[in-house]
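My notes follow, in the order I made them.

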Amino acid sequence: MSDDINAQLRDQIQQAITENPVILFMKGTPEQPRCGFSARTVAALEATGSPFAAVDVLPHPAIRQELSAISNWPTVPQLFVNGELVGGCDIVTEMSESGELAETLGVEQPDEAPEQAPAEGTVPGPPPMGIENRLG
Amino acid sequence: MPSTDELKQRIESAIPGALAQVEDLTGGGDHFRATVVAPAFTGKSRLEQHRMVYDVFGSEVGGPIHALSIKTQTRTS
């Protein structure tokens, strides 16, 4: 694979992290997780009721490689909130048990309208390869 | 194939004052759980603490070490 494609992928990942207030990079999808750690992280997120975007890293090994280069975190899943890495399955699970997760996601008041992703006006070119937006 | 003893020793020699407990979660030598107690974690966020443990193994995590579950503490409770 050429460096150009990897650089492009890295930009797309960075953009997905920037544009989605809550985004989970995982193996499989929230409906069909393909790894126990991803499944546990999805369950913790769903328990908060917060909407989140999800990206399946499995279709393309380079997604995982570039993601780890951006985040300096070696494993998947990885949860980002407001552009910052929160952690992987262990940290998300601990935060879920302590109530910190809902706090971080800003969902203490479940009636509050969920934050929406910004409009697509800023997207240059085609949508990111293999990246599905599951917000809402 | 990495062993639990090898992982334990590497964590303890890389992180000052660390005491590590490492379990092989599947018996397959590639899914591990490490519980690490180290005064060196004091004042660091959980994310930074986990990164210190991951950093011991570099690119081996995700490679030969398929999964490394981490629990960190600054002292034994």
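I began with the contact between the chains: 11 residues come from chain B and 8 residues from chain A, where contact means C-beta atoms, placed from the backbone, within 7 Å. On the side of chain B that touches chain A, helix H2 (46-57) and strand E3 (67-73) each supply at least two residues. I took helices (H or I, at least four residues) and strands (E, at least two) as DSSP runs, numbered from the N terminus. H2(B) gives the most to that side, with 5 residues. By class, I noted 5 nonpolar, 3 polar and 3 charged residues there; Ala, Val, Leu, Ile, Met, Phe, Trp, Tyr, Cys and Pro count as nonpolar, Asp, Glu, Lys and Arg as charged, and the others, Gly among them, as polar.

A reminder to myself: this is a predicted model, local features need pLDDT of at least 70, side-chain atom pairs count only at pLDDT 80 or more, and totals for chains, interfaces and linings use all residues. Residues are numbered from 1 along each chain as its sequence is written, while chains are lettered from A and ligands numbered from 1 in the order in which they are written.

Next I looked up Arg40(A), which sits in helix H2 (residues 36-48) of chain A. Leaving out residues up to four places away in sequence, Arg40(A) touches Cys89(A) and Thr93(A).

Definitions and conventions:
Contact = placed C-beta atoms within 7 Å.
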